[in-house]
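Thanks for stopping by! Let's walk through this model together, one question at a time.

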Amino acid sequence: MVDLSQNRKYFPALNQTQDGKPVVFFDNPGGTQCPQMVMDAVSGYLVNDNANHGGAFATSRRSDAMLHDAHQAMADMLGAASADEIVFGANMTTLTFSVSRALGQMLSPGDEIVVTRLDHDANISPWLLLAHDTGAVVRWVDIRKEDCTLDMADFERQISSKTKIVATGYASNAVGTINDVKTIVEMAHAVGALAYIDAVQYAPHGPIDVQALDCDFLVCSAYKFFGPHVGVLYGKLDLLDRLSAYKVRPADDRPPYKFETGTLNHEGIAGTRAAVEYLAQISAQPASTRNLKSQISRRERVMAGMTAIKEYEKTLSARLISGLQQVKGLKIWGITDLAQLDRRVPTVSFTLEGHSPREIAEYLGRRGIFVWDGNYYALAVMERLGLEPTGGMVRVGPVHYNTVEEINRLLGELESLS
Ligand SMILES: Cc1ncc(COP(=O)(O)O)c(C=O)c1O
């Protein structure tokens, strides 16, 4: 296992201090910091290439070349077969509203959409509203309260021959559970339904292979994986081709362009491409193989980087969970069995007797430790666990640039509070 916190040097924001002490960024599930190369790509685009697409002059041509490679970079990151399967948009929520509208064209009253109580509301509300508008019926998959995992027996019960769409998260942004996406996709396909996967929370934590998953759609957001505020949607090419998009007449009728409405956030997309390049170089090549680098594809390098991230983060999860369990009156919501770290990302949420989540977040915030509190739009989870009226949970969300020392600092502050 490589100590990936050596990559901190690439992130200027991590040098911030508060009252003379380094700031600890544990708010990463809400948005990660960016490496310098992402910022350079954003400003480099604006300085050198800033133009609308399709023009007959140098900046527009350079801009179009960047856009093309950015689609390819995301295809490499997600394991898509073609750059044309990658749609850029404002964010995951907007892309999901847009594609769900297009999918609505194939729904009839009485058709069913399956959603889960573990999901962020961005993978629930678009489907509730679509059902409202089309007469489709929404079926909810429950969670197992004891470890905040999906109730797979209930999943079996909710899916039927009437199911047309199954919407599921890859990992929970509230409690960190990684879902068995491959099995869920198989269950959806067995009844002829499409599988729509929200990978926003999973993307910064592990490798993704859309072809191996065989999912029909998968969405993520670059600002959660060290890039700028840009949303990314993968869709199988034949599906994107068949669906009719809500678009203006002069815009290209082919995927992905027909779903990329209006002028995109080009500088953000340049930064997104740089974020993928960052992930591709994270797993340092041993000196002996360095001269082979050009022969190793970007896809392989991203996979190596994400696999290294996944391994490194398990040490963070283990320290965080075992340390939190020592704090008197503290309850972790989610998987705590250290033998099951493969089933969770290091996003760990808790409640502490005698203190509201907001009080704890404020207390830590005053000490330069940034954590989130509330429901983080995972409304259904909080409602199911009965935590909505009491302010949800405190969420600690390390990523690969965090360290065990930072976790120890958090634990020390919580000990003093409890
Ligand atoms: C799991 C998950 N899904 C969806 C979203 C929404 O993403 P976006 O802000 O890109 O719309 C978030 C944002 O926090 C999230 O954590």
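Q: Which residues of helix α4 (residues 125-134) are buried?
A: This is a predicted model, and a residue counts as buried when its relative accessible area is under 20%. An α-helix has 3.6 residues a turn, so residues three or four places apart point the same way. In helix α4, the buried residues are Ser125, Pro126, Trp127, Leu130, Ala131 and Thr134.

Q: Which elements do the buried residues of α4 pack against?
A: Packing here rests on contacts, meaning heavy atoms within 4.5 Å. The partners include one helix, α3 (92-104). The strands they pack against are β5 (112-116), β6 (137-141), β9 (163-169) and β10 (194-198).

Q: Is Glu112 buried or exposed?
A: Glu112 lies in strand β5. It touches Val137, Arg139, Gln158, Ser160, Lys162, Thr163, Lys164 and Ile165, leaving aside residues up to four places away in sequence. The relative accessible area of Glu112 is 4%, and the cut-off for burial is under 20%, so Glu112 is buried.

Q: How many residues apart in sequence are Leu385 and Lys145?
A: Leu385 is found in helix α12 (residues 379-385) and is buried, with a relative accessible area of 7%. Beyond residues up to four places away in sequence, it touches Ile143, Lys145, Cys148, Trp333 and Met393. From C-alpha to C-alpha, Leu385 and Lys145 are 6.9 Å apart in space, while their separation in sequence is 240 residues.

Q: Which peptide bond is cis, with omega near 5 degrees?
A: Most peptide bonds are trans. Pro256 sits in the loop between α8 (237-242) and α9 (266-280). The cis bond runs from Pro255 to Pro256.

Q: Phe226 and Tyr377 each have a positive phi without being a glycine; which of them is buried and which is exposed?
A: Phe226 has a phi of about 80 degrees and sits in the loop between β11 (217-221) and β12 (231-235). Tyr377, with a phi of about 70 degrees, is found in the loop between β16 (372-374) and α12. Their relative accessible areas are 0% for Phe226 and 58% for Tyr377. With under 20% as buried and over 50% as exposed, the buried residue is Phe226 and the exposed one is Tyr377.

Q: How much of the area that the ligand exposes when taken alone does the protein bury?
A: An oxygen atom of the ligand is 2.9 Å from a polar backbone atom of Met92. A polar side-chain atom of Thr93 lies 2.4 Å from a ligand oxygen, and an N or O atom in the side chain of Ser221 is also 2.4 Å from an oxygen atom of the ligand. Taken alone the ligand exposes 390 Å², and the share that the protein buries is 90%.

Key
Residues are numbered from 1 along each chain as its sequence is written. Side-chain values use heavy atoms; hydrogens and water are left out. A polar contact is a pair of N or O atoms within 3.5 Å; within protein, one must be able to donate a hydrogen and the other to accept it, and residues adjacent in sequence count only if both atoms are side-chain atoms. Accessible areas come from the Shrake-Rupley method with a 1.4 Å probe; for residues, only the protein chains shown count as cover. Buried means under 20% relative accessible area, exposed over 50%, partly exposed in between (1.4 Å probe, protein chains only). Helices (H or I, at least four residues) and strands (E, at least two) are DSSP runs, numbered from the N terminus.
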